[in-house]
Amino acid sequence: STIETFARSTGHIDDIFFTGDRIRPSSILAASDAAIFLQRNDCGVGPVARAMAFALPILASDRPEITACTNGKHAALLSPPGDMRQAAHNLLRIAQDKELRQTLGQNAATHAAEQFAPEITSPQLTAIYSSVLSGPS
């Protein structure tokens, strides 16, 4: 595949496990204790929202789109982008504090259900598509 060729060209092919159709992301999320999203640039919120729906505590870079998606610190431990010391500290907190993991996970699931349920997002997406299709006003 193109992705595998790219990974091979970067020298990181041994660091990546290509699952193909054998493992579904939902299976991975269901077996996880937390979800980690550390990046300097926008990665979108789809993966974050999916992890939240599985009641996973989120450890992430404090980027505007992630902060909005996670409802700030109510469902996530956030660290400044690139601050690996703070990220490591947050990871230890999640690993060592069961009550914190449970609270963040429950807050994540509640927020995901309130903000990303199909009955909420469908009318919003319909409005966006309608405005795009109708052209400039």
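1. Two strands are taken to pair if DSSP finds at least two bridges between them, and helices (H or I, at least four residues) and strands (E, at least two) are DSSP runs, numbered from the N terminus. On that basis three strands form an open sheet with parallel pairing, in the order 1-2-3. Strand 1 (35–37) and strand 3 (76–79) are at the edges, each with a single partner strand, so one side of each is left without a neighbour in the sheet. The twist from one strand to the next averages 10°.

2. On the basis of the values: this is a predicted model, in which local features need pLDDT of at least 70 and side-chain atom pairs count only at pLDDT 80 or more, while totals for chains, interfaces and linings use all residues. Residues are numbered from 1 along each chain as its sequence is written, and side-chain values use heavy atoms, with hydrogens and water left out.

3. Strand 2 and strand 3 pair in the parallel sense over four bridges, and L59 has L77 in strand 3 as its bridge partner. Helix 3 lies across strand 1 and strand 2, running at about 160° to strand 1; axes here are lines fitted to C-alpha atoms, for helices over the stretch in contact, and angles run from 0 to 180 degrees between N-to-C directions.

4. A nonpolar core is a set of buried Ala, Val, Leu, Ile, Met, Phe, Trp, Tyr and Cys residues joined through side-chain atoms within 4.5 Å, where buried means under 20% relative accessible area, exposed over 50% and partly exposed in between (1.4 Å probe, protein chains only). The largest such core has 17 residues, and those with the most contacts inside it are F37, V48, A51, M52 and I58. Its largest share, four residues, comes from helix 3. M52 touches I58, C69, T70, A75, A108, A109, H111 and A112, not counting residues up to four places away in sequence, with contact meaning heavy atoms within 4.5 Å. A second, separate core of five residues includes L59, I94, L100 and L104.

5. The axes of helix 5 (residues 84–96) and helix 6 come within 5 Å and cross at roughly 100°. Helix 5 and helix 6 are therefore roughly perpendicular to each other, given that angles under 35 degrees count as roughly parallel, over 145 as roughly antiparallel, 65 to 115 as roughly perpendicular and the rest as oblique. R93, I94, A95 and Q96 of helix 5 make this contact with K98, L100 and R101 of helix 6.

6. Helix 6 (residues 98–116) and helix 7 (residues 118–134) have axes that come within 5 Å and cross at roughly 40°, which makes helix 6 oblique to helix 7. Here A113, E114, Q115 and F116 in helix 6 meet P118, I120 and T121 in helix 7.

7. Two loop residues deserve a look. A55, in the loop between helix 3 (46–53) and strand 2 (58–61), has a positive phi of about 60° although it is not a glycine, and A55 is partly exposed, with a relative accessible area of 34%. D42, in the loop between strand 1 and helix 3, counts as exposed at 52% relative accessibility. Leaving aside residues up to four places away in sequence, D42 touches R63 and E65.
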